[in-house]
Every structure is written in structure tokens, then in C-alpha cells.
Amino acid sequence: MTKTSITLQELRRRIYIKAKAEPAHRFWGLYVHVCKLETLREGYRLAKSNNGAPGIDGVTFDEIEASGTESFLQNMHQSLKSGTYQPFRNRIKEIPKGGSKMRTLGIPTIRDRVVQAAIKLVLEPVFEADFQEGSFGYRPKRTAHQALKRVEKAIVQKMTLVIDLDLKAYFDTVKHHILLEKVAKRINDDDIMHLLKQILKAGGKEGVPQGGVISPLLSNLYLNEVDKMLEKAKATTPQNGYQKVEYARFADDLVVLVDGHWKSEWIWQGVNKRLREELNKLQVQINETKTKCVDLNKQESFDFLGFTIRIVPTRSGKKRPQCTPKIEKRTVLLEKLSDVFKRYRSQPLTKVRDEINPILRGWANYFRVGHSSKTFSYIREWLNHKLRRHLMRAKGKRGFGWKQWSTTGLLAVYNIYRDFKLTRYVVAPVR
């Protein structure tokens, strides 16, 4: 849970304990905690930590702080207490998704982001108590790397039949009435429900906007019944002490793994059928062209959270799961770096460094957990050539200056990011 002042933190702790102990309990009287200045201050801090773009009103964090953050929060406090608060429409922005596709973001105003963060702070402990172990996306103390490790461990345990599920425009097609029914099973507070309806309506007739502070929590809640179904499949299918089903979900990215033995064919068919039934109840469509059913024992592979996963032989003749960065992820990285070199072509290398270091650091920190050594070597070599070419152009010369600078010296002198060490967690060979 997010560490805040003791009062809010204690409230969240008590809500979580109550929700965990009583799965059918419906919470009331929560709206007053959303309105509190303490909650709004923490909501503002969380909203600012993401440093997002302004919403449809164009107001920035700098402008709010120039005119007084406390007065800004006081006004919000009063409008929430009096019931006069109305969210603005989201600002629509498209960003590249990969290839020629675009992802549509719905960006709330800062004012609305703070309110969403306040609601999330109060409601998150309730639903965290209900979420399942296989759900990892945008949850406290849970990461994409943990989801990846869960998948690798399942492969080690011979769950080699994989359903790599792709949901069609999931965030844009969430049905508001179904979502609000799910919220109402745990929340018996008319003011909270009204506020949530307003927030959802500001984003359109259906969907939860990618860009909204509360959207990840709501999107996880929407798919929680799917997770429960998969947990039940895990609990009811073990044979001779061996687990036969596993899954990992990160937001709308879901993979299900089933034992690869021919005797487990009925489990495979049953899980596939039940998965579709649960998604149909939610009116969530499966993208059949992108959804894959993979047999890892047939040298097939699947993609999950930016990695391509397959089974490869070891030197000892056994087999192990291998996770390597997707080629597309490497391509996107190099395109970003190339763009920086082009934009700063006539500028000192120090300016290039200030732009590329954060990009390299973020990319390397994410992908260093996999079997990424070949990819990292390729990126280092590519970067070495780019840096040398940039320096030689600055001198009005051709070539790469191999005799002029050693690679180690070049990176050290200009303080170029160079930490490409792998951090592997141990995953045993397939039994």
C-alpha cells in the first residue's frame, strides 16, 4: 500500500483487514474520507508524481502551484462536500502503440486526476482484498517481472500448452453498468457510486480511459471473475500432487498455461471453454487473429509483457524456458535513440547523453531480468557506432575514430549509460 500520513494509512489498513475478513461486507460512509484534505493532498502528490500532460482545461502543475496548491485543494474539498463537483471531459490524445497502430489516451484534468486518486486511495484496499494471486498489473508491490517469473516456473513444471489471449480494445469496451454492478457488490455508498458514474461518463458511453488514475483499479476489478475462474481451475485439477493449470495477468495481457501431457487434454479444453464463457458474460471480445494456442514442446513461442518465451535445450541436454526481448521492443528503442541523434546532430555529445541516458536506463532495467545478453550486446555495439559517428561529424571528419578513443574511455568520459548487466532469477530446468 502507498505510504502516507498515519491517519490515511491506518484507514486503508483497517479497510483492507475488514474486506479480507468479510468477503461479502459492503462498505458505507467512505465518501467523507475521499473529501478529506489529507486524502486530497495525497491524491495531488500521486497525480504529480506521474508528471502527466494537462487535461482539456490546459492547467499545469506549475500554474496550480504558482497560485497556491492549498487553495486549489480547499476549493476541491468544498466542491466535493457540497456535491457541486463535476468532472471535465477527458482530453483525447493518440500515441504510437507499435507498428502503424495508435493507442488512444483519455487524459483527465489535474483537478479530476486528484479526485480519482483520492477515490482510489479509499477504494483500493477494498478490492485488493478480493483480487487474485495471478493478477499483477498496477497493483501495490506487484510487478511485471513477478508475472514473468510465475510463467517461467509454470513452464518448468511442464505446463507447456499456452493460451496467449488478446482482448479486442479491452479498455475502450468496458461496459459501465457491469463495472458499476461489480463496485456495488462491495460499496454501499450512494455518493461514491454517483462520483464514479460521473467519472466514467466523462470518458464516454463505455470504456475506462487509459490515462485515468482510477482506470487500472477498475479494469482489474472488471476481470476479477476471470481470475477467480482460473484459480478454481488450479484448485480442482491437480493430479498426484502436481499442478496442472497456471495463469498470469497484467491488466488485459493474459496467458494461461496447462499441463502438456496428453492425459490433460480435457483440462485444456475445459479451461479454454470456461475462459470464453466468463469473457462473454463481461461482453469482452477476444481478438481471434492475435490469440494464440501454443505448444512449447513443438518449438513454438509466445509473447508476454515485452518478452518472447520459448523452451530451449541446455548444454546438459535438458530444457529450460528462455525469455528474450521481443524484436519489436529492440526496434522501438533504437528508433527512439536514432531520433535523438538526428535532433541533436550539430549539438555537443553531452546534450545527446542527457536525452539518451534515461531511455537506456529504463529499457535496460526492464529487460535485464531475461536472457537478454545477445540483445544487450547488439544495442551496445549499435550505440558505440552512433556515439563515435556523432563525435567525428562534430570534427568534420568521416569514420568512427577507432584509434582515437577506446570504447570504455569514450563511455566513461562522456558518462554514457553502460550498465547492461543481467539480473537473473534462478529458474530450474524443465523436469
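This is a predicted model: local features need pLDDT of at least 70, side-chain atom pairs count only at pLDDT 80 or more; totals for chains, interfaces and linings use all residues.
1. Residues are numbered from 1 along each chain as its sequence is written, and side-chain values use heavy atoms, leaving out hydrogens and water.

2. Helix H13 covers residues 265-281 (helices are DSSP runs of H or I with at least four residues, strands are E runs of at least two, numbered from the N terminus). Its 17 residues should span 24 Å at 1.5 Å a residue, and the end C-alpha atoms, 25 Å apart, agree with that (the expected span is 1.5 Å times one less than the number of residues).

3. Ile-267, Trp-268, Val-271, Asn-272, Leu-275, Glu-278 and Leu-279 of H13 are buried (under 20% relative accessible area; exposed is over 50%, partly exposed in between, with a 1.4 Å probe and protein chains only). Seen down the axis, the buried residues fall within an arc of 135 degrees, so they line one face of H13 (the arc is taken from the directions from the helix axis to the C-beta atoms).

4. The face turned away from that buried side carries the exposed Trp-266, Lys-273, Asn-280 and Lys-281.

5. Phe-376 and Phe-420 form an edge-to-face pair, with ring centres 5.3 Å apart and planes at 70 degrees (rings of Phe, Tyr and Trp, the last by its six-membered ring, pair if their centres lie within 6.5 Å; planes under 30 degrees apart are stacked, over 60 edge-to-face, the rest tilted). Phe-376 is buried at 1% relative accessibility, and Phe-420 is buried at 9%.

6. Arg-142 lies over the face of Phe-136, 5.0 Å from the ring centre, and Arg-150 over that of Tyr-247, at 5.3 Å (CZ of Arg or NZ of Lys within 6 Å of the ring centre and within 35 degrees of the ring normal).
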